Structure formats: structure tokens, C-alpha cells
Amino acid sequence: MSDFIPVYEPTLYGNELKYATDAIKSTWISSLGKYIALFESGFAQFIGCKTGVAVCNGTAALHVALRGLDIGKGDEVIVPDLTFVATANVVKYCNADPVFVDVVKDTWQIDPVAIEKAITKKTKAIIVVHLYGHPAEMDAIMDIAKKHNLKVIEDAAEAHGAEYHGQKVGSIGDVGCFSFYGNKMITTGEGGIIVCNDSKLAERMRFLKDHAMDHDKRYYHPEIGFNYRMTNVQAAIGLGQLEHIEDAIDHKRKIAKLYNSMLEGIKGITLPPEKDGMKNTYWMYSILVGKEFGMTRDELGKKLQEMEIGTRPFFIPMHLLPPYKDDGKKFPNSALLGEQGLNLPSSAELTEKEIRKVCETIRGLAQ
Ligand SMILES: *Cc1c(COP(=O)(O)O)cnc(C)c1O
């Protein structure tokens with residue numbers, strides 16, 4: 001047995017196996033079957049939305065959401081520079097252009113001031129990302145969207161259950177998109193969902209994810225759709241996970257509290273934000289490794305790996321990736337966070353002893 005502490009491991013609670021077995025025994029193992037509707041309505045209800053449209057992954061959720069909102073050729077979509085690449089790629093999938101903006105240094109989230117500056121005649125939408133589980137500044141963003149008649153897509157792939165002034169993220173914009181990849185707050189193996197309150201839009205997204213086949217005329221496809229369906233077996237796993245989502249969130253918040261108390265006061269280490277009125281779900285417990293720490297983020301990650309502690313660097317900012325290369329001067333905060341950010345082990349099952357080991361190791365390496 002290795003003592004290695006991985007950066008992430010999914011937690012399975014029990015009913016996943018029971019429901020998946022039931023789905024298999026029923027022979028409804030493809031994309032029809034009772035678990036799809038149960039999971040869709042259960043998750044939508046958890047977020048506080050009327051409808052959920054389950055899809056095969058979080059990227060597909062974003063893609064279908066953009067197409068459902070009629071984002072297409074020549075349109076500009078504002079995207080934070082610091083995010084996972086899928087947020088930007090889906091804009092390209094629609095033949096539209098992502099316009100990157102910087103994030104706020106102390107919350108790590110998309111900067112409303114930068115959004116307003118980036119708006120042009122071509123701007124159609126904003127994709128807000130709630131990075132690492134902390135909500136973005138939704139009031140300011142919704143005000144800007146209203147003023148300029150823009151759609152708001154919440155990429156809440158990392159923020160299941162995070163709250164902005166009592167409201168769950170994903171329920172505030174026009175649509176909320178979630179991922180159920182193996183390392184997300186809850187998982188279906190691979191999977192995603194779009195939640196919204198507009199039943200017409202939900203129907204349109206349902207149509208798009210299923211080859212855009214006409215409701216009344218089989219094999220008549222008035223436009224180009226996708227096969228982005230989730231399977232009944234995935235939804236069965238998802239339902240078992242959903243029954244424990246509050247536990248998962250509670251665990252993450254407890255883990256963050258322990259980390260915060262044990263890492264406090266180490267020179268050069270910045271702890272993750274939680275702004276007043278917001279609930280951070282700490283999907284990945286993350287720190288910044290500043291100059292005063294005495295070694296770089298990458299050096300610290302390497303040392304921890306040698307001591308059997310898994311970590312992950314922050315995402316590389318979009319403006320530094322070959323498909324999106326841009327002048328870095330516009331993104332000083334994103335560049336700094338991309339350089340200094342480190343995700344520490346964040347599994348819901350992490351023990352206090354493991355957290356202590358991580359923190360004492362970091363403290364021991366400090367200058
Ligand atoms: C995980 C993630 C996605 C994509 O989800 P997949 O299910 O892996 O396709 C999109 N955006 C963000 C911010 C993510 O973290």
C-alpha cells in the first residue's frame with residue numbers, strides 16, 4: 001500500500017452500484033430510461049432551476065448552451081483568461097470568437113470592469129466561470145448583461161452548490177452548465193447538464209443534443225445537431241451521487257477550514273478567497289505560492305510529489321496557449337495566478353491526518 005495522497009479521488013457512496021445495476025438489469029443502458037429524467041429533475045431542483053438537460057460531458061453542455069442561445073459566426077463571447085480550456089474552445093466550436101478578459105486578483109474570478117471594457121457591437125454573450133468553486137461577481141455581471149443585452153452562460157463545472165448571496169450559481173444567468181467528470185463535486189464518470197428556467201430554451205437544447213431531429217417528423221433534421229446524450233447508466237450513477245451532494249460539499253468546506261487553520265501564517269502562501277455573502281465549495285483547495293515562500297510553485301509541487309503528495313498547477317491562462325496567443329499585458333492578474341496557483345489534495349474523503357501531513361510538509365519547506 002502506498003501512502004501517496006492523490007490530488008483527487010472520487011467518492012462513491014453505495015447507491016451508485018445499486019442504481020447502475022438496476023439500469024443494466026432493465027436493459028435500458030443507452031440514452032432512454034427512468035434515471036435520465038430522475039437525475040435531470042433532481043439536479044435542477046438542487047440548483048434551484050426548473051429544468052435540466054443532461055448531456056455526455058461538461059464541454060457538450062457549454063456547446064449546446066451556446067448553440068441554444070444562437071451564438072454563431074461573427075459573434076464575440078467574453079470569457080475569463082483564467083479557466084479550463086473547454087470554456088474557450090466551445091466558442092470556437094460555434095465559429096464565434098472568444099474575447100478574453102482578466103480576473104480579479106483577490107477572488108480569482110472574471111473582472112466585471114474588464115468585461116464592460118471588452119464589449120463591442122459584436123458581443124453576444126458572457127461565459128462566467130466560477131473558478132475552483134468560488135462564485136463570480138454575479139450582480140455586477142448581470143447588470144452589465146442587461147444594459148448591453150447580452151446572454152450570460154454560467155460555467156459552473158467547478159462550483160456545484162456554490163452560492164452567491166444565498167442563490168446557487170448556475171441559476172443566475174440564462175443557463176448554468178455543469179460537468180460530472182470523475183474529479184468534479186459529483187460524478188457520472190463522464191457527464192454534464194445544462195440547467196435553466198426557460199422551458200422553450202430547454203426544449204431547443206434537448207433537440208440540439210439529440211441530432212436536432214424534428215419532434216413530429218422522424219428523421220427530419222431542420223438543422224445540424226449533435227449526439228451529446230447521457231446514458232441511463234451514467235444518470236443512475238449520478239442519482240446515487242446526487243443523494244450525497246450536501247455531504248460532499250460539507251466535507252470540502254471542512255477540509256478547507258482545516259487547511260486554512262494549518263497553513264495560516266506561512267510566509268509567501270496566500271490562502272483561497274471566500275468573499276462576504278458567498279459560499280465557496282472549494283472544489284479544489286488552492287493556494288498561491290508567492291516569492292517570499294522561497295521556492296516557486298513548480299518547485300514546491302515537485303518537492304511535494306517526492307514526498308508522496310499529489311498537486312496540480314493552476315490552469316495555464318488562455319492567452320498563453322497556442323490557439324489563443326495574445327499580448328499578455330492585458331492579463332496581469334491571470335498571468336500571476338497562473339504562475340503561482342497550486343491545487344492541493346482535495347478529495348472529499350481526505351483525513352485530518354493527511355491534511356496535517358500536507359500542511360506540515362509545506363511549512364517545513366518554507367524559507
Ligand atoms: C471540467 C470543466 C469543464 C469541462 O467539463 P468536461 O466534463 O470535462 O467536458 C468546463 N469548464 C470548466 C471550468 C471545467 O472545470
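Across the whole of this predicted model, a search finds 15 salt bridges. One of them joins Lys124 to Asp75, with the closest N and O atoms 3.3 Å apart. Lys124 belongs to strand β4 (residues 123-129), while Asp75 sits in the loop between α3 (58-68) and β2 (76-80), so this pair ties together parts that are 49 residues apart in sequence.

**Domains and their interface**

The protein is split into domain 1 (15-242) and domain 2 (245-365). To their contact, domain 1 contributes 43 residues and domain 2 contributes 39 residues. The C-alpha centres of domain 1 and domain 2 are 25 Å apart.

The size of an interface is often expressed as the accessible area lost when the parts come together. Between domain 1 and domain 2 the buried area is about 3,400 Å², and carbon and sulfur atoms give 66% of it. On the domain 1 side, Trp108, Tyr132 and Met185 supply 25% of the area buried against domain 2, more than any other three residues.

Polar interactions also cross this interface. Between domain 1 and domain 2 there are 18 residue pairs in polar contact, counted where both residues have pLDDT 80 or more. Several elements each supply at least two residues of the side of domain 1 that touches domain 2: α2 (34-47), α4 (86-93), β3 (97-101), β6 (163-164) and α8 (232-242). By residue class, that side of domain 1 divides into 23 nonpolar, 11 polar and 9 charged residues.

The rule for salt bridges finds 1 across the interface of domain 1 and domain 2. Glu137 forms a salt bridge with Lys275, and the closest N and O atoms of this pair are 2.9 Å apart.

**Surroundings of the ligand**

There are 15 residues around the ligand, of which Gly58, Thr59, Glu158, Ser179 and Lys184 come nearest.

| Residue | Protein atom | Ligand atom | Distance |
|---|---|---|---|
| Gly58 | polar backbone atom | oxygen | 2.8 Å |
| Asp155 | polar side-chain atom | nitrogen | 2.8 Å |
| Lys184 | polar side-chain atom | oxygen | 3.1 Å |

Methods:
Residues are numbered from 1 along each chain as its sequence is written. This is a predicted model: local features need pLDDT of at least 70, side-chain atom pairs count only at pLDDT 80 or more; totals for chains, interfaces and linings use all residues. Side-chain values use heavy atoms; hydrogens and water are left out. Domain bounds come from an automatic or database domain assignment. Contact means heavy atoms within 4.5 Å. Buried area is the accessible area (1.4 Å probe) that two parts lose on being put together, summed over both. A salt bridge is a side-chain nitrogen of Lys or Arg within 4 Å of a carboxyl oxygen of Asp or Glu. A polar contact is a pair of N or O atoms within 3.5 Å; within protein, one must be able to donate a hydrogen and the other to accept it, and residues adjacent in sequence count only if both atoms are side-chain atoms. Helices (H or I, at least four residues) and strands (E, at least two) are DSSP runs, numbered from the N terminus. Ala, Val, Leu, Ile, Met, Phe, Trp, Tyr, Cys and Pro count as nonpolar, Asp, Glu, Lys and Arg as charged, and the others, Gly among them, as polar. A residue is near a molecule or strand if one of its heavy atoms lies within 4 Å of it.
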